[in-house]
Amino acid sequence: AAHLDGAAALANRGFASPDPALQYTRISLLPATNLIPEVPTAVLAWLFGTSAAEKLVLAAYVVLLPLALSYALTGIRRDAAWLTVLALPLTFSLLLQLGFYSFCFAAVCLLVVAGYHARYRARLGPRETAGLAVWLLLTYMAHAFVFAIAAGMLVVLEAWSWLIDWRRSRAALGRALLPIVLAAVPTVLLAGAGFLASSGGSHAVGRLLAFQPQAFLESISLVLPLVALDQREAVLALLLAALLVVLAGVAVAGRWNAPGRVGMADGYLVFSGLLLVAILFISDSATLWSGGPGAFVTSRLSLIAVYAAILWLASHPFGPRARYLATGVALVAALG
């Protein structure tokens, strides 16, 4: 409701439509987070009305998520595009049902960041670093939390790549991280300026830590990120979780037959594990803003952990039987 009302108010303010609610709205000239998809929604709301604008934004997300996942997958391994089918049951997640549209579009940007980094990490010159900076900025413009997660993901990947190659010096790690830091600097400066310029609300820290074994179990079973309004969806979430376990087993078995293939893409699995550990200990209402309950932090982290696990699977070859099984299960879960 906040995103849609904000978009409607922005449309009324921007296009000078008479609305008594305008006296309660304020436009900040400093670009901030949550602008995607709120600004496009405002333009669509002016053209077609708020209800139609929401439908168009949702349609865009349904199309863009699998495209972004495919871009990330093929950046890791060219023949991994078939794993895009897993986007179908993940599209209509709990967070989408709750209306967290900015987070959902930020997740799309995160996948593009992963694909861009996978393609250009070996030659991150000034031009490629600028491109990465643009995508990190777009991620922040959708959701600041996901920007932080995306930056952390890139750091974990480079740190893991450094750890598995014992011949590389610490200076090599610094050289690998430097383009990422430079790409993130513009967004960090913009976020800092926006934070300092903000004049509304208190910034009291809410409860940040809590031991949550149930949230951890619901995350690895995919119940937490997927089950929305009907508890019977838990069966479909468990089915999809079982599929990921089977695919992981096939990947590990392939490694067993061809040892010595530890690579940078394993950093995605490390990153997914770190997110799961965070879910175990971070409060679901953790927030820097007062009135924090309802932040759904664990649900957000669990969905990104699933994406990271799928990106790890992309680094492995799979035979026809595994592909048919995954496609069948994903379609059943999506239809359900």
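Predicted model: local features only at pLDDT ≥ 70, side-chain atom pairs only at ≥ 80, totals over all residues.
Biologist: Thanks! Which residue does Arg-77 form a salt bridge with?

Modeller: The partner of Arg-77 is Asp-79, and the closest N and O atoms of the two are 2.8 Å apart.

Biologist: And Asp-79, how accessible is that one?

Modeller: Asp-79 has 37% relative accessibility, so it is partly exposed as well.

Biologist: How many salt bridges does the structure hold?

Modeller: There are 4 salt bridges in the structure. One of them joins Glu-158 to Arg-121, with the closest N and O atoms 3.0 Å apart.

Biologist: Where do those two residues sit in the chain?

Modeller: Glu-158 is in helix α8, residues 144-164, while Arg-121 lies in the loop between α6 and α7. The two are 37 residues apart, and the pair links distant parts of the chain.

Biologist: Nice. Is Glu-158 buried or exposed?

Modeller: Glu-158 is buried, because its relative accessibility is 2%.

Biologist: Which residue pairs with Arg-123 in a salt bridge?

Modeller: That would be Glu-128, and the N to O distance between the side chains is 3.8 Å. Arg-123 is partly exposed, with a relative accessible area of 49%. Glu-128 counts as buried, since its relative accessibility is 16%.

Biologist: OK, switching to helices. How many helices and strands are there?

Modeller: The protein has 15 helices and 0 strands.

Biologist: I'm curious about α6 and α14. At what angle do they pack?

Modeller: Helix α6 covers residues 101-120 and helix α14 covers residues 297-313; they pack at about 25°, with their axes 12 Å apart. Angles under 35 degrees count as roughly parallel, so α6 is roughly parallel to α14.

Biologist: Is that crossing left-handed or right-handed?

Modeller: The crossing of α6 and α14 is right-handed.

Biologist: Which residues meet there?

Modeller: From α6 you have Phe-103, Ala-107, Leu-110, Leu-111 and Ala-114. They meet Arg-300, Leu-303, Ile-304, Tyr-307 and Leu-311 in α14. By class, this contact has 9 nonpolar residues, no polar ones and 1 charged residue.

Biologist: Let's jump to Thr-41. Where is it?

Modeller: Thr-41 is in helix α2, which spans residues 38-48. With 5% relative accessibility, Thr-41 counts as buried.

Biologist: What is Thr-41 in contact with, leaving aside neighbours within four places in sequence?

Modeller: On that basis, Thr-41 is in contact with Leu-4, Ala-7, Ala-53 and Val-57.

Biologist: One more residue: which helix holds Leu-269?

Modeller: Leu-269 is found in helix α13, residues 266-281. At 40% relative accessibility, Leu-269 is partly exposed. The C-alpha atoms of Leu-269 and Ala-309 are separated by 5.6 Å, although these residues are 40 apart along the chain.

Biologist: And across the protein, what share of residues counts as buried?

Modeller: Of the 336 residues, 45% count as buried.

Biologist: Last one. Among contacts between residues at least 6 apart in sequence, what share joins residues at least 24 apart?

Modeller: For contacts of that kind in the protein, the share is 76%.

Note on methods. Residues numbered from 1 in each chain as written. Heavy atoms only, no water. Axes fitted to C-alpha atoms, helices over the stretch in contact; angles between N-to-C directions. Helix = DSSP H or I, 4+ residues; strand = E, 2+ residues; numbered from the N terminus. Parallel < 35°, antiparallel > 145°, perpendicular 65-115°, else oblique. Left-handed = near helix turned anticlockwise from the far one by under 90°. Contact = heavy atoms within 4.5 Å. Nonpolar A, V, L, I, M, F, W, Y, C, P; charged D, E, K, R; others polar. Buried < 20%, exposed > 50% of the residue type's maximum accessible area, 1.4 Å probe, protein only.
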